[in-house]
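Thanks for coming. Please look at the screen.

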Amino acid sequence: MPPTHLCNTDKARLSLGNPILCEKTPVTIESALRQPANDGDVAATLRVQQVGITHEGATRATPEAITFDVRRGEVVLLLGPSGSGKSTLALSLNGLIPHALPAELAGTVTVAGLDTADTTVAELSTHVSMVFQDPDSQIVTGTVLDEVAFGPENLRMPVEEVLARAEAGLRRVGLWEHRAANPDTLSGGGRQRLAIACALAIGAPILVLDEPTANLDPQGIDDVYEALSELVAAGDHSIVLIEHNLDAAIALVDRVVVIDRAGRLAFDGPVETVLRAHAEELVAMGVWLPTATLAALRLRTAGYALEPLPLTAAELRYALDAAPAPAALTGWMPAREDDAAAAASTPLIEVRGLSLQRGRTPVLAEIDLEVHAGEFLAVVGENGAGKTTLVQAIAGVIPPPKGRIRVGTLDPARSDVRALAAQIGFVFQNPEHQFITGTVFDELAHGLRVGRVHRDEIEQRVGDMLDRFGLADKADTHPFLLSGGEKRRLSVGTALIAGAPVLALDEPTFGQDRARADELLGLLKELNAAGTTVIVVTHDMQLVAEYATRTAVMRGGRLLAHAPTAEIFADPDWITQVGLQVPPLVTALRGTQGHPELRGLVRLSELPGTAA
C-alpha cells in the first residue's frame, strides 16, 4: 500500500512551490479536485425525506417534515429566516446529526444510496464535504498546507494525490502563497477560504456550504464563486448552499428550497419560479433577496412597470430602460437624509499615529482617525486590511500602545475593563468568542450585575432585550446551542444593554435573515439618531450605503480615506481599485438611460415607492 502521510521531503517540495510531478501516478492539479475521494462510481445524489430534527431539550422539531432531492451537478440554495433550521438540516446531510451532535433525527437522509443514520461520519465524508458557518470550528493543524492535506491523509490517499489535492485546493481559493502560514494568522475571511479549500481537497461529490462567503471581502467572494462555478461546470459536484448574499450567489443557483420560520417546507423549485413568483411572500417571511429584486419591488409600488421581476443588477437596468418613469413622478426628487454627524469641537474618539504588529508582522501603520459623537462610521476594506484590529484597539479588546487612542476621557491602554465597557460596547465577529455564562438570560444580565444594577431593573432590562431580539423563548438556553443568527442577536444585545455611548460591531449582520438584519440596523439607526456613536466593520457595501454617515477605507494596514459616505461612493472606479465592491444598487442604477431621477442614488430608502 502506498504511504498515506506526507513525509518531510514531500512537504518541503510542496511548500517550496515545486510543480507536482508524480512519476508513479500522473495526478494533475487541474484534475485533482474532480476525482471522487473513493474508487467507486459514486452518484452525487442526495435525498431528504420527511426530515425533522429535535435538539436536546427542545420541545419541537426545527426543521420539521422537510423533503427534497439534490441531483448530480445541481446547486440548491437553502433559504429561510434565522432559526428556521437551515444549519441544523445541513448538519444532518453528512451524518453529524445524529451521530456526533445531541439531536433526534426523524425521517431519512440518503447520500449515494446510504442512509446517514446507519453510516459512519467517516464513510459519509467521502461523499459529502461540509464548510461550517464558523471556519474556526474545523481548523485543527498548525499550517495552511497541513490543514488542507489533513482530510485526504485521513482518507488514506496516496501521497502524490494528497499533494495534488492540497495544491489545487489552495490555488483555487487564492491561499497557495500562504501555505506555510499558521491558520491563526489569517484574517477571518482567509480562514473561511481555507475551510473551503479543505472541503474541495476531500473530493467528495457533494459540497454543503453554510454561509461560505460571510466573512469574505468582495474579491474573496468572487474567488469562491468562481471556484464553485468551475466545479459545477465540470458536472462532477452537487452543491447545497446556505447563503444570505444572494447578489453573489444567484448566478450559480439552479433551485431554491425555502424553509419558513416554523421550520417547514414553504417552496421548492427553480430560481425563476421561487424568487420571481413568490418574492413578496419571501419578503414577508423575512428572508434575503437580491438587492435588485428588493429595489424592483419598491419601484413597482411607485408605478414602474418592471416585468419580469429582476433578480440581478443587469436585469434591473434592462427593465428600467424598457419602462418609462410614471407620470406621477414628474419632477420627483429623492428625499436626502442629512448625513452630518452631531458637530463637536472635540472628537469623541481620537486615534493618533497608531501602529500595531502581530508577532513581527505589521498590521496597522500610522493610523490617524477622528470620530465625532453621533457618527455612524463604517470601516471597510479587503480581508487583512486591519479593520477589525483597528476597532478592537479602539475598544480595548487588544492592548494598544499607551497614548495613541482616546475614547471619551479614557485611554484604552490604561483603563480597567469595567470603566471601558461603560464607555464603549464591542461585538465580536464570532459571537461565541464573548459568551461566558450558561444561559441567554445570564449572558445579558452579566454586565448589569457587574455594574451592581438592582435586581428588579436587571429583570426588566433583560426581559425587554429578549423581546426586542426575539429570544424570549431562549432565555434558559445555553448560548452555544442557539442558531448562528440567534447567537449574533444575543452578542449584539449584550453590548446594547449596558447603554454605552459608543457601540462597535464587527460584521453585525452575519448570520441574520433580512428581517432580523433590518431590525438590528434599524435599532442601531435609532440609537445613532438619539446620540449613540456607532462603528461597524463590514464587507456589505449596501449596508454601508444605507446606514453609514461616514466611511473609513483601509488597505494594507493603512487608512486610505475617511469621508462622508456619499463622497466615498462618488467614484465607483476608485472603490473597485481599492479592492471593494460598488453597492449593488449603484451598479444597477448607474447605467440607466432615460431615468435621471434614479441615477446617483445609493440607498434603497431613497427610491420612490414603498419599502418591500
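R298 is buried yet takes part in no salt bridge, and E546, the nearest side chain of opposite charge, is 7.3 Å away. Buried here means under 20% relative accessible area, exposed means over 50%, and partly exposed is in between, with a 1.4 Å probe and protein chains only. A salt bridge is a side-chain nitrogen of Lys or Arg within 4 Å of a carboxyl oxygen of Asp or Glu. For charge, Lys and Arg count as positive and Asp and Glu as negative, while His and the chain ends are not counted.

Before going on, the basis: this is a predicted model, in which local features need pLDDT of at least 70 and side-chain atom pairs count only at pLDDT 80 or more, while totals for chains, interfaces and linings use all residues. Residues are numbered from 1 along each chain as its sequence is written, and side-chain values use heavy atoms, leaving out hydrogens and water.

Back to R298, which sits in helix α13, residues 291–301. Helices (H or I, at least four residues) and strands (E, at least two) are DSSP runs, numbered from the N terminus. What does the side chain of R298 have 2.9 Å from one of its polar atoms? The backbone oxygen of L607. Leaving aside residues up to four places away in sequence, R298 touches L604, S605, L607, P608, G609, T610 and A611, where contact means heavy atoms within 4.5 Å.

Now the arginines that do pair. By the rule above there are 20 salt bridges. Two of them lie in helix α7, residues 159–172. E161 and R165 meet at 2.9 Å, N to O; they are four residues apart, so about one helical turn separates them. E161 counts as buried at 13% relative accessibility, and R165 is buried at 0%. R171 and E167 meet at 2.8 Å, N to O, again four residues apart in α7. Here E167 is buried at 2%, whereas R171 is partly exposed at 42%.

Elsewhere, R449 bridges to D442 with the closest N and O atoms 3.1 Å apart. R449 is partly exposed, at 42%, and D442 is partly exposed too, at 25%. Finally, R71, E74, R255 and D268 are linked in a network of salt bridges.

For the whole chain: there are 24 helices and 19 strands, and 56% of the 612 residues count as buried. That is all from me.

Note on methods. Polar contact = N/O pair within 3.5 Å; in protein donor to acceptor, adjacent residues only side chain to side chain.
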